[in-house]
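Visitor: I'm new to reading protein structures. Could you walk me through this one, one question at a time?

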Amino acid sequence: MEMRDIGVFRAVMQAGTTSKAATLLGVSQPAVSQSIRRLETDSELRLFDRVRGRLVPTQEALALMVEVDRYFMGAEMIEHRVRSLKSFGLGRLTVASLPALGTGFMPRAIAAFGLEARRVQLSFQILSSPQVHQHVSSGQIDFGLMADELSVSGVENSEFLKIPGVIVMNAQHPLARKPVIDSDDLATHPFLALNPEDSCRRRLEASLRSEGKALRPILETPYSNSICELALQGVGMGMAHPIQALDYLSRGLLMKPVTVEACFTSLLVFRPGTPLSENAKELLRIMRIQMESDRQRVSRALGHGR
């Protein structure tokens with residue numbers, strides 16, 4: 001199989017049609033179709049069904065695309081790394097974080113770190129936890145922050161943060177005047193829920209089951225920032241990561257403690273056998289200081305609600 005044909009296959013999968021893939025690649029549509037036929041012949045796989053003149057990916061194509069994407073992502077990261085080394089040399093950090101800590105907390109920590117004064121160039125990515133794990137295990141980043149619902153095989157890890165979730169809502173919610181939310185409230189009111197695989201949601205539901213109660217989810221979403229935005233819009237109340245909820249208090253979001261404990265746990269992960277640079281160690285030190293400050297802000301915000 002030729003890599004050029006595999007690249008054409010990826011373009012077709014991403015673009016959805018051979019004509020769009022041809023435009024993306026700057027080649028003719030017949031050339032794209034020829035590459036796809038050649039790849040199917042060489043691989044002895046039927047990658048597309050021809051339906052009314054369109055290519056519909058088969059299950060084999062979808063499975064192959066996972067590996068193809070992984071290969072091209074690695075190649076693109078190598079290219080990015082080469083360009084960065086040419087521009088910045090070794091004074092560079094590569095860090096990734098799950099969204100709960102990536103959108104507010106990490107920018108605060110990075111600002112306190114002071115990139116310009118240290119003559120450090122930083123590549124900072126906000127990724128899903130599976131992507132953080134993949135990038136760390138493949139050596140594409142120095143360290144990352146991820147949630148604890150995934151296996152940590154292939155990476156070194158330590159607990160960076162464990163903190164109880166909070167209930168968020170807007171000022172017009174029926175429970176807005178209540179200082180503390182309890183299990184009856186959670187079982188009675190429409191709930192904005194994190195996805196079922198989220199470890200904090202699983203802990204919350206397990207605690208409620210022990211009391212013979214259950215949530216009433218009206219919506220599921222993978223990220224706490226979505227919970228906060230939806231709560232602000234009056235869609236309902238939900239459990240959110242308190243460090244992320246901090247960024248919404250100035251917009252009128254209410255953050256309340258809950259009697260049913262369900263914690264968010266974030267892990268620091270890095271590649272085994274690869275020592276962290278002095279710059280990376282210093283950034284981690286600043287991150288821990290910033291986290292302590294953020295935790296105190298959460299405590300004050302919840303204290304105001306009591």
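Visitor: Which strand gives the largest share of the lining of the largest cavity?
Guide: Keep in mind that this is a predicted model. Six names make up that lining: Phe-191, Ala-193, Leu-194, Arg-201, Leu-204 and Met-239. Two elements, β8 and α10, each supply at least two residues. The largest share, three residues, comes from β8.

Visitor: And how much space lies in that largest cavity?
Guide: Counting cavities of 30 Å³ or more gives one. The space in the largest cavity is about 40 Å³.

Visitor: How do β7 and β10 run, and what stands opposite Val-166?
Guide: β7 covers residues 166-169 and β10 covers residues 237-240. Three bridges join the two strands, which run antiparallel.

Visitor: How many disulfides does the count come to?
Guide: A disulfide is a covalent bond between the sulfur atoms of two cysteines. To be counted, the two sulfur atoms have to be within 2.5 Å. For Cys-228, the closest cysteine sulfur is in Cys-200, 12 Å away and too far for a bond, and for Cys-263 the nearest is also that of Cys-200, at 7.2 Å. The count of disulfides comes to zero.

Visitor: Are Cys-228 and Cys-263 buried or exposed?
Guide: The cut-off for buried is under 20% relative accessible area. Cys-228 has 0%, and Cys-263 has 7%. That makes Cys-228 buried, and Cys-263 is likewise buried.

Visitor: What about His-189, buried or exposed?
Guide: His-189 sits in the loop between α9 and β8. Leaving out residues up to four places away in sequence, His-189 touches His-173, Pro-174, Leu-175, Arg-216 and Met-237. Its relative accessible area is 17%, so His-189 counts as buried.

Visitor: And Gly-212, buried or exposed?
Guide: Gly-212 is also found in a loop, the one between α10 and β9. Exposed means over 50% relative accessible area. At 68% relative accessibility, Gly-212 counts as exposed.

Visitor: How far is Gly-212 from Thr-18 in space?
Guide: Along the sequence, Gly-212 and Thr-18 are 194 residues apart. For the C-alpha atoms of the chain as a whole, the box is roughly 70 × 50 × 35 Å along the principal axes. From C-alpha to C-alpha, Gly-212 and Thr-18 are 55 Å apart.

Visitor: Now the second largest pocket. Which element gives the most to its lining?
Guide: The second largest pocket has a volume of about 380 Å³. Its lining has 24 residues, with Ser-129, Ala-147, Glu-149, Asp-198 and Pro-222 nearest the centre. Four elements, α5, α8, α10 and β12, each supply at least two residues. The one that gives the most, with three residues, is β12.

Visitor: Which residues of helix α8 are buried?
Guide: Helix α8 covers residues 129-137. Just after it, Gly-139 takes a positive phi of about 80°. Within α8 itself, the buried residues are Ser-129, Val-132, His-133, His-135 and Val-136.

Visitor: Last one: what share of the chain's residues counts as buried?
Guide: The chain's secondary structure comes to 13 helices and 12 strands. Among contacts between residues at least 6 apart in sequence, 74% join residues at least 24 apart. Of the 306 residues, the share that counts as buried is 45%.

Terms used:
Residues numbered from 1 in each chain as written. Predicted model: local features only at pLDDT ≥ 70, side-chain atom pairs only at ≥ 80, totals over all residues. Heavy atoms only, no water. Pairing = 2+ DSSP bridges. Buried < 20%, exposed > 50% of the residue type's maximum accessible area, 1.4 Å probe, protein only. 1 Å grid on protein atoms, 1.4 Å probe; cavity = no way out; pocket = protein on both sides within 12 Å on 5 of 7 lines; lining within 4 Å. Points joined across faces, edges and corners; volume = space filled by probe spheres on them. Contact = heavy atoms within 4.5 Å.
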